[in-house]
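Here is a brisk report on the packing of strands and helices. View the model first, then read on.

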Amino acid sequence: MAGKIKTVVVVVQENRSFDHMLGWMKSLNPDIDGVTGAETNRVVVADPSSKTVTFADRAEYVDPDPGHSAQAIYEQVYGTPFVDNQTTPMTRPDVPSPPMSGFAQQAEKEKPGMAETVMNGFRPDAVPVYRELAREFAVCDRWFASNPASTQPNRLFVHSATSHGLVSNDTKTLVAGLPQTTIFDSLHDAGYSFGVYYQYPPAVLLYRNHRQLKYVGNFHPFDLEFRRHCREGKLPNYVVVEQRYFDLKILPGNDDHPSHDVSEGQRFVKEVYEALRSGPQWEEMLLVVTYDEHGGFYDHVPTPAVGVPSPDGIVSAAPFFFNFDRLGVRVPAFFISPWIEPGTVVHRPSGPQPTSQFEHSSIPATVKKIFNLPNFLTKRDAWAGTFDTVLTRDTPRTDCPATLPEAVKLRPTEAAEQAQISEFQAELVQLGAALNGDHAKDVYPHKLVEGMTVSDAAKYCNDAFKAFLDECDRCKKCGMDGSHIPALPPTPSPPSKKKSSFPSKMLACFACGRS
């Protein structure tokens, strides 16, 4: 592997299980641990006479969003509802291999008829970009979410190998930012570069360290700079590409989160791949595409529940008191590089420990190995399998496709931008409030997002991030240290359109401690 890879690119899509997205790829490559059509769930797990739902291949447009809270996931994998930590401990010692039997049951509690939704997957031709990537590069069929919980706790693991005790959103912690060290910090300290290409305010700002002035120049607008940096060979060593998390008529969401059209996610992955493939850094590159969590969709592979180490000894808050000793549900994962043989399927890792698995902490673990970084972030990335072993060729391929297939629109209607925001989108709004100072208002956290539409939320988040960037620029001009984290006062209500006067600018610099 030495010297092969100088740039690692990471794309993390939203809320789809392996079987839901890639299970039927087994029809193209029998080595993939996918589905056969014999997989079933009962609508009432404990009742043998209950309706049985068989996994099918009719997935297309999904609305509404299936359940994927910690409680919902517990019921999906164990087949019984979560009650409390004593009656139903988050990791059941009596069930070393969860039966994955409660997806249909839990879905029916969300909405009658939803069992059919979660028990369906996409035909290969419905996700043509992934069909081609599976043929041309590597699929990992043993990659799990790090945490049996929702979006943000899993996204935190991707770059820091811990959620710092979170199994759900914590609005108080959000204000200060999560305090753990990240792979960005490790790379920076070792003299390597990183960049975050965003389409909305980047979710990596959940980490407190990422709000420091010294990192502001590492944020790049995707539409303006990603393809140019690819073309000019200016991509940094570690690249994170974030999606459009809000679904607007003019700019549809492309993160694959229901109710967004999966065809938009296919176009997004295609755009990222083709930009990388056409650039001069292609032969030194490894692209990873995965999903944060399964989103409530069925998967037949038992979630690992034995030998999983707690990252840092932190136990989650009530009612779960989770020790982080079980992984989440299996999710799709691709490894893409000219150093990978076509049609490769990666199963379980061979180490570093007998119980090691591929999960989101495998990303910082592999980045550490590729760039010879001195320290692991937590006990979890020290345990997680690394995927550098997929780079088996002695020379880079010259036959990698220059383009990927076009995706076909799956949603029959346009984006519902006046719909109410999802839980994840509400968390992004609350992150925006932590950046622009609105967290100090009485409306934070819940009244702020109450009744907010997708369109309003997208505007709020963009405005909040712009305010944060403007404050960063002002603090830099004031001479603040690179470790300084800008803090804004609450936005005026209604917002003032007047330009700042000279005295107010002077007072702002005094607030920085500079004259």
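**Terms and source**

A residue is buried when its relative accessible area is under 20%, exposed when over 50%, and partly exposed in between (1.4 Å probe, protein chains only). Helices (H or I, at least four residues) and strands (E, at least two) are DSSP runs, numbered from the N terminus.

This is a predicted model: local features need pLDDT of at least 70, side-chain atom pairs count only at pLDDT 80 or more, and totals for chains, interfaces and linings use all residues. Residues are numbered from 1 along each chain as its sequence is written, and side-chain values use heavy atoms, with hydrogens and water left out.

**Helix α15**

Helix α15 covers residues 454-477.

Buried residues of α15 include Tyr-460, Phe-465, Phe-468 and Glu-471. The buried residues of α15 pack against β6 (194-198), α13 (423-436) and α14 (446-449), with contact meaning heavy atoms within 4.5 Å. Gly-479 follows α15 and has a positive phi, near 90°.

**The sheet**

Eight strands form an open, mixed sheet, ordered β7-β6-β8-β1-β9-β10-β4-β11. Two strands pair if DSSP finds at least two bridges between them. At the edges, β7 (219-221) and β11 (344-346) each pair on one side only.

Strands β9 (residues 285-291) and β10 (residues 333-336) run antiparallel, joined by four bridges. Thr-290 stands opposite Ala-333 in β10.

Methods: The expected span of a helix is 1.5 Å times one less than its number of residues.
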